[in-house]
Amino acid sequence: MNALSNIDMAEVTRLTQAGKLAEAMALLQGHTVSGLPQGRPGGDTPHPAKSTEPSRPTMDMVAPLVPGGAWTAPSQLRKVTTAESLRPGEARGLSGLAQTMRALRDRLPKPGSIPGLGEGLGIVRQPTVPVPDGARFEERIFSNDVGSRTYKVYVPSGYTGQALPVVVMLHGCTQNPDDFASGTRMNELAEEQTFLVAYPRQPQSANMQKCWNWFNPGDQQREGGEPSLIAGIALQVSEEFSADPTRVYVAGLSAGGAAAAIMGATYPDLFAAVGVHSGLACGAARDMPSAFAAMSGGGATRPRGGGPTVPTIVFHGDADHTVNAINGEHIVAQATPNAALTKVVTRGETPGGMAYTRTVQRDDGGREVLEHWLLHGAGHAWSGGSTSGSYTDARGPDVSREIIRFFLAHASAKAPTRH
């Protein structure tokens, strides 16, 4: 928050109104316009080499204002902003982006003044991830021409060199591998059912809130941007542990869910199935304004094209005020193959009191291809997760277990080639 203390809001307003969002964001991050980076950091180093690529601003969901609260789209903050909270003249001139950041700066207490406030500001607590005897939870790094990312890999105690499935888990904004592993309890399932789990880490140097940059065109394509890094991590884990190359999967939450959808669209030969929780479809946005629109439910679904589809399971709460639930339907539509499918809809309620509508679509051979869970009354959080991690809803259903059930029922027709 300190980077916002000396902002020239008049200049931010002028730049925003002129459509110069990158320059406005630079000022909001505490930089001068002349100091605006000429490219997005491709790796984890804080001072990446300059490039000729246009600057790409960072944005995504804003962390909750209270511990355990839901992430909110920046536009939602404007609902609690009054003209009295702004200096004279700013209420008239500030448009969406500047007003959001100004309101956040002025209204929030200082970190540390309220117990637990750090969690609400996205300063994620560092949970201790238990590791059973014989298991490992270790950090690695992957590098390619785009840059590098660190990641953590969970190796279950039952691993003795056999070809295991690999599940790639993409965290949401403000999160990290340990936090996401704790909240989803995916390591516990990996220990129980014997599979490998990889957790790529998005550094703050790549996005201010550690979000995957799902809204940037350069991060929505094969063999480029963040997709190439995530795919490289999946392949590196597969090679190091001699995993089953036909059983590699990817799942994620929020910005990580949107990134998982992108991976299914760009690497259908690598991933045998995809899981998306509270995310968006590949290509739902191409810049910041269209990202805000998509999160609010106003985006359009990008046509799938003629390529292959990947079996996909989707979870979304209909009370999600960060990413509108219509985005879950967009993901399903984008992953729908050309062949006719049979649809079955069931309704139920978890022991924790969460009502849901589950829609399953199968092909002519009876194979489940698409599964969509609409969670009634759920917000923007990992359903069935543990409170030891951030952004979880313990009421269920147990999304992690349902995702693994769906994943392990699918395998790729052949092993992917190296990218």
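Visitor: In which loop is threonine 194 found?

Guide: This is a predicted model. Threonine 194 is found in the loop between helix H8 (186-193) and S4.

Visitor: Let me step back. How many helices and strands does the chain have?

Guide: The secondary structure comes to 13 helices and twelve strands. The chain has 419 residues, and buried ones make up 55% of them.

Visitor: How should I read the contacts along the chain?

Guide: Take the contacts between residues at least 6 apart in sequence. Of these, 68% join residues at least 24 apart.

Visitor: What about the surface?

Guide: The chain exposes about 17000 Å². Carbon and sulfur atoms supply 52% of that area.

Visitor: How do I read a nonpolar core?

Guide: Start with the general idea. In soluble globular proteins, nonpolar side chains tend to be buried together. Now the case here. The largest nonpolar core has 40 residues. Those with the most contacts inside this core include Val168, Leu170, Val250 and Phe271.

Visitor: Which element gives the largest share of this core?

Guide: Helix H9, with seven residues. Apart from this core lies another, of 32 residues, among them Val167, Val197, Ala378 and Trp382.

Visitor: What does phenylalanine 271 touch?

Guide: Leave aside its neighbours within four places in sequence. The contacts of phenylalanine 271 then include Val168, Tyr249, Met263 and Ser412.

Visitor: How do I read a helix such as H9?

Guide: Again, the general idea comes before the case. An α-helix has 3.6 residues a turn, so residues three or four places apart point the same way. As for H9, this helix has 16 residues. From its first C-alpha to its last, H9 reaches 23 Å, close to the 22 Å expected at 1.5 Å a residue.

Visitor: Is H9 mostly covered or mostly open?

Guide: Mostly covered: 13 of the 16 residues in H9 are buried. Serine 242 follows H9, and its phi is positive, near 50°.

Visitor: How do I read a disulfide?

Guide: A disulfide is a covalent bond between the sulfur atoms of two cysteines. This structure holds one. Cysteine 173 and cysteine 211 form it, with their sulfur atoms 2.1 Å apart.

Visitor: Which parts of the chain does the pair link?

Guide: Distant ones, as the two cysteines are 38 residues apart. Cysteine 173 sits in the loop between strand S3 (166-170) and helix H7 (177-184). Cysteine 211 sits in the loop between strand S4 (196-200) and helix H9 (225-240).

Visitor: Why is this disulfide right-handed?

Guide: Look at the torsion about the S-S bond. For cysteine 173 and cysteine 211 the value is about 125°, so the disulfide is right-handed. Both cysteine 173 and cysteine 211 are buried. Cysteine 282 also counts as buried, at 1% relative accessibility.

Visitor: How many aromatic pairs are there?

Guide: The count comes to eight. Take tyrosine 249 and phenylalanine 407 as the case. Their ring centres are 4.8 Å apart and their planes lie at 10°, so this pair is stacked.

Visitor: Where do these two residues lie?

Guide: Tyrosine 249 is in strand S5 (residues 248-253) and phenylalanine 407 in helix H13 (residues 399-408). The pair therefore ties together parts that are 158 residues apart in sequence. Both residues are buried. Elsewhere, Phe137, Tyr154 and Tyr199 form one aromatic cluster.

Visitor: What does valine 399 touch?

Guide: Valine 399 lies in H13. Not counting residues up to four places away in sequence, valine 399 touches His277, Phe315, Trp382 and Ser383. At 0% relative accessibility, valine 399 counts as buried. From valine 399 to tryptophan 382 is 17 residues in sequence and 7.3 Å in space, C-alpha to C-alpha.

Visitor: What kind of peptide bond joins glycine 396 and proline 397?

Guide: A cis one, with omega about 0°. Proline 397 lies in the loop between strand S12 (392-393) and H13.

Notes
Residues numbered from 1 in each chain as written. Predicted model: local features only at pLDDT ≥ 70, side-chain atom pairs only at ≥ 80, totals over all residues. Heavy atoms only, no water. Disulfide = S-S within 2.5 Å. Helix = DSSP H or I, 4+ residues; strand = E, 2+ residues; numbered from the N terminus. Buried < 20%, exposed > 50% of the residue type's maximum accessible area, 1.4 Å probe, protein only. Phe/Tyr/Trp six-rings, centres within 6.5 Å; stacked < 30°, edge-to-face > 60°. Contact = heavy atoms within 4.5 Å. Areas by Shrake-Rupley, 256 points an atom, 1.4 Å probe, with all protein chains shown as cover. Core = buried A, V, L, I, M, F, W, Y, C linked by side-chain atoms within 4.5 Å. Expected span 1.5 Å × (residues − 1).
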